[in-house]
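Notebook open, viewer loaded. I'll jot down what I look up as I go.

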Amino acid sequence: MARKPHSKPEVEAALRHAEQHGWRIEVGGSHAWGRMYCPYNDETCRCGEFCITSIWSTPKNTGSHGKQLRRVVNHCARERAGDTPEFLETDDE
C-alpha cells in the first residue's frame, strides 16, 4: 500500500526525491507528520544519528522545509560517496 501524500506540494516533492534515493518514509508519530530513514543506516552518516529526519505536518515555511529535506538526502555521507543500496541497483545487461 502506498503512503498517504503530504498536504504541502513542496514537502511532497521532497519526499518523492527521498524515495527515489531509497529512503523509507514512515507516516505517523506523536509530534510530526512522519519520518525519513536513510537506506544505509550507517554510523558514519550524520554523526552517528543514522540519517533519521522528522517531517513536519505544518511547517512555518513549506519551501524551506522541502529544501531542508532534500538537503538531508543529498548530503548523506554514503550518497555523496556514490554508494548505492543493493535494492536500488539494477542489472541493465
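Which residues does Leu-69 touch, not counting those up to four places away in sequence? I get Val-11, Ala-14, Leu-15, Met-36, Thr-53, Ser-54 and Ile-55, with contact meaning heavy atoms within 4.5 Å.

Ground rules for myself: this is a predicted model, where local features need pLDDT of at least 70, side-chain atom pairs count only at pLDDT 80 or more, and totals for chains, interfaces and linings use all residues. Numbering runs from 1 along each chain as its sequence is written, and side-chain values use heavy atoms, with hydrogens and water left out.

Next I checked the layout. I find 3 helices and 3 strands, in the order α-β-β-β-α-α; these are DSSP runs (helices H or I, at least four residues; strands E, at least two), numbered from the N terminus.

Then the core. I looked at the largest nonpolar core, which has 16 residues; such a core is a set of buried Ala, Val, Leu, Ile, Met, Phe, Trp, Tyr and Cys residues joined through side-chain atoms within 4.5 Å. Leu-69 is among the members touching the most others, along with Leu-15, Trp-23, Ile-25, Met-36 and Ile-55. Two or more residues each come from α1 (9–20) and α2 (62–74), and α1 gives the largest share, 4 residues.

So what is buried in α1? I list Val-11, Glu-12, Ala-14, Leu-15, His-17 and Ala-18, buried being under 20% relative accessible area with a 1.4 Å probe, protein chains only. Their cover includes β1 (24–27), β2 (34–37), β3 (52–55) and α2.

Last entry: after α1 comes Gly-22, with a positive phi near 90°.

Key. Buried means under 20% relative accessible area, exposed over 50%, partly exposed in between (1.4 Å probe, protein chains only).
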